[in-house]
Amino acid sequence: MLPILAEHDGGRTIEALLIERDPTLSQRARTAAIGLGLPRTDVRTADAGATDTYLHIQPAHLLLTCGVFGNITINDVGRTIAMLHTLVLADGIVIWTRGRTDDGHDPSHDIRACFAEHGFIEMSFTSPADARFRVGMHRLTARPATVPPMPPGTRMFSFI
Ligand SMILES: C[S@@+](CC[C@H](N)C(=O)[O-])C[C@H]1O[C@@H](n2cnc3c(N)ncnc32)[C@H](O)[C@@H]1O
C-alpha cells in the first residue's frame, strides 16, 4: 500500500493509519513510510481487534481489512463487520479479502451477506475460478446520522 500511496498525486496529503501488532513488521512499515516521503502515514504497533485502539481515531474514507477475515472465526467476522460503521464515514469504502478452502467451501459469501445486513452495498467482488483469493469492496450507504463512539474495552476479533 505504501508505494501506491507514494505514487498517488495526493499521497503526501492523505492521512493513513496502519495497525500491526508485530513490532518488527510495524517498524518496517514505519521505515518504509519515511523512506517514501509519507509524513501523514502513521504506523501503530497495536491490537487491531481491540476497540481501545480506535478510541481517538476519525472515521475513514477507506478501510482495508485484508488478510484478516481468514484468520478469525466467523463470529468475530460478524462482530467486526457490525462495528465497521463506527470506523468508516458515510459512503466510505471497505476493501476486504478472504480465501476459499480447497474443498470448495467459500466463506466469502457469508461475509458478503454480513456486509449487506450492516448497511453496506457491494461495489465489486472478485473471485477468479482458478484462484483461491476473493476480494470484496463494499460501500457504507446506510450509516446512521449519529453513530456513538466505539465501546471501550471491547474485543472485535482475535487471530486464531
Ligand atoms: C495475513 S497477514 C496480512 C498482512 C497484510 N494485511 C496483507 O494483506 O498482506 C496478517 C497480519 O496481521 C497481524 N496481526 C495479527 N493479529 C493482529 C492484531 N490483533 N492486531 C494487529 N495486527 C495483527 C499479523 O502480525 C500479520 O502481519
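**Reading a ligand site**

Reply: In alanine 48, a backbone N or O atom lies 2.8 Å from a nitrogen atom of the ligand. This is a predicted model, where local features need pLDDT of at least 70, side-chain atom pairs count only at pLDDT 80 or more, and totals for chains, interfaces and linings use all residues. Residues are numbered from 1 along each chain as its sequence is written, and side-chain values use heavy atoms, with hydrogens and water left out.

Me: What is a polar contact?

Reply: A polar contact is a pair of N or O atoms within 3.5 Å; within protein, one must be able to donate a hydrogen and the other to accept it, and residues adjacent in sequence count only if both atoms are side-chain atoms. Here, a polar backbone atom of cysteine 66 is 2.9 Å from a nitrogen atom of the ligand. The side chain of glutamate 20 has an N or O atom 2.6 Å from an oxygen atom of the ligand.

Me: How much of the ligand does the protein bury?

Reply: The size of an interface is often given as the accessible area lost when the parts come together. The ligand alone exposes 590 Å², of which the protein buries 61% (Shrake-Rupley method, 1.4 Å probe).

Me: Which domains contribute to the shell around the ligand?

Reply: Domain bounds come from an automatic or database domain assignment. Domain 1 (1-46) and domain 2 (58-155) each supply at least three residues of the shell. The centres of domain 1 and domain 2, taken over C-alpha atoms, are 22 Å apart.
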